[in-house]
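Hello,

I am handing this structure over to you. Please open it first, then read the notes below.

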Amino acid sequence: MNPARSVPTASVELSSQRKRDLLDHFETNSEELDRWREFNAAYHDDDRKFMRFLIPPGKRVLELGCSRGDLLAALEPSYGVGIDFSAKAIEKARALHPGLNFVHGDFEDPATLAAIEGPFEYIVMADTIGLFEDIDGTLRLIQNLCSPSTRIIIAYYSHLWEPVLKLAETMGLRSKQPKINYIATADFMNLMDLADFEVISQEQRQLLPRRWLGLGPFINRFIAPLPGIRQLCLRTYLVGRPVRSFPDRKFSASILIPCRNEKGNIENAIRRMPKFGSAQEILFVEGNSSDGTFEECERVRDAYRDSWDIKVLKQDGKGKGDAVRKGFAAATGDVLMILDADLTMPPEALPKYHAVIESGKAEFVNGTRLVYPMENEAMRPLNFIANRCFAYLFSYLVNTRLTDTLCGTKVLLRKDYEVLARERGYFGNFDPFGDFDLIFGAAKQNLKIVETPIHYKARTFGETQISRFRDGWLLLKMVWFAYRKLKAI
């Protein structure tokens, strides 16, 4: 069905006088509003740029309150639908963007939404939720157009800016605005919770919504996203997902074990491995060891052939990141899991991680070693302090509380990893550790990230392959890299 052709541009029956007044405002002032868009081009360009960061091209996108369709077109969707109650706006949208689908209707009307062909990967509400008559009721209707992986994007301006914006109207620097709902971020979260959505991340943008000879773009890119300062920004963006439970879902698992000079731990990894999931495969990815680890992996594979599906791969490159990419490319299970070969993360804990993904409580699970008491000598004091500091920095960068980004245990769905791998070009091959490629990719995809604590054990064989100072310097460079890619957009 093509909504743009199936729904004629005619009068829309609106449910309240307030909506009729809003429609009259937008219809009467449509030409003036277009002129103001041109006058405030810097503001709208920055907004569209960040929306394109949140929503990659080629997705199925629905926009509620699309006006003349400029934002929807900027997102370059594979299938894009925009809804608006203004006949003039829809007529202009169809003329400007003939490749998209535009529906003239009230997006709070169940009949309007029922005529739309879903599901969508992204549903956008940019400066329109303040016009809703029944916010949580409308969000519940939108659930019918969502799949479990759908993301909703809500963009609105901070009411801290209300005096400034009113002054701009008085001085003729901004168009007159109708009365809208006063909603703080905490209110949005409550209303989304009522409609069975949860907030995944929150971001603030635009401290200076003017160009001012390049000063505005510089401040908005590098200064506005900084901690403390970002609370003063004009724009807020919330990313949410539908809350779904899958108590009966059964997933297979691929357990990747990167190993270099870990000969003494290989057989123990299999002996201690519990059975879980609908099926399991174990992939040893060996990193050109000097102690016979590769031969030991092959011996263990053959010795346990009757009880375990074991594959042995040899790295082409160097580093754990290379091992993770090679192993995940060869994996066939629904859920991808990393188990470090030093076994400081107990294999016995893996079913708990698998269950978090299988039940739908999260889409990316990161282990944390810094909750339960550790065994003596499990982590050196300087490493512990550094982990705490980097955890704070990376939590800020990915908008998710993380206490231990360097824990080797990472778990996600293979289908999500495949998207991450296809879109890896945004970050490039930057990560020798293998942890941050996954964390940053999950954040860029707007996956629901949770941490699950483990009881961190001391090594029983071999020596750590981490250099505190060399790897610490790499982590500092990673922080700057992530800031440019995830904040200074």
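**Strand S7 and its sheet**

All of strand S7 (residues 235–242) is buried, eight residues of eight, so the strand is largely enclosed by the rest of the structure. Buried means under 20% relative accessible area; exposed is over 50%, and partly exposed lies in between (1.4 Å probe, protein chains only). Helices (H or I, at least four residues) and strands (E, at least two) are DSSP runs, numbered from the N terminus.

A word on the source: this is a predicted model, where local features need pLDDT of at least 70, side-chain atom pairs count only at pLDDT 80 or more, and totals for chains, interfaces and linings use all residues. Residues are numbered from 1 along each chain as its sequence is written, and side-chain values use heavy atoms, with hydrogens and water left out.

Back to S7. Both of its faces are covered. Arg235, Tyr237, Val239 and Arg241 are buried on one side. Thr236, Leu238, Gly240 and Pro242 are buried on the other.

S7 has two pairings to look at. Two strands pair if DSSP finds at least two bridges between them. Strand S5 (residues 146–157) runs antiparallel to S7, joined by six bridges. There, Ile153 stands opposite Val239. S6 and S7 are also antiparallel, over eight bridges. Glu198 has Arg241 of S7 as its bridge partner.

These strands belong to an open sheet of seven, in the order S3-S2-S1-S4-S5-S7-S6, with mixed pairing. Its edge strands are S3 (101–104) and S6 (197–205), each pairing on one side only. Neighbouring strands are turned by 20° against each other on average, direction ignored. Angles run from 0 to 180 degrees between N-to-C directions, and axes are lines fitted to C-alpha atoms, for helices over the stretch in contact.

Strand S1 (residues 60–64) and strand S4 (residues 120–126) run parallel, with three bridges. Val61 has Tyr122 in S4 as its bridge partner. Helix H6 (residues 87–96) lies across strand S2 (79–84) and S3, at about 165° to S3.

**The other sheet**

Another open sheet has seven strands in the order S10-S9-S8-S11-S13-S12-S14, again with mixed pairing. Strand S10 (310–314) and strand S14 (449–453) are at the edges with a single partner strand each, so one side of each has no neighbour in the sheet. The twist averages 20° from one strand to the next.

Strand S8 (residues 253–259) pairs in the parallel sense with strand S11 (residues 335–338), over four bridges. Ala253 stands opposite Val335 in S11.

Two helices to check here are H15 and H18. Helix H15 (residues 350–358) touches S8, S11, strand S12 (364–368), strand S13 (410–413) and S14, and makes about 150° with S12. Helix H18 (residues 436–444) touches S11, S12, S13 and S14, at about 140° to S12. Contact means heavy atoms within 4.5 Å.

Cys407 is in no disulfide either; the nearest cysteine sulfur, that of Cys259, is 18 Å away. Cys146 is buried, at 9% relative accessible area. Cys407 is buried too, at 1%.

Best regards

Key
Disulfide = S-S within 2.5 Å.
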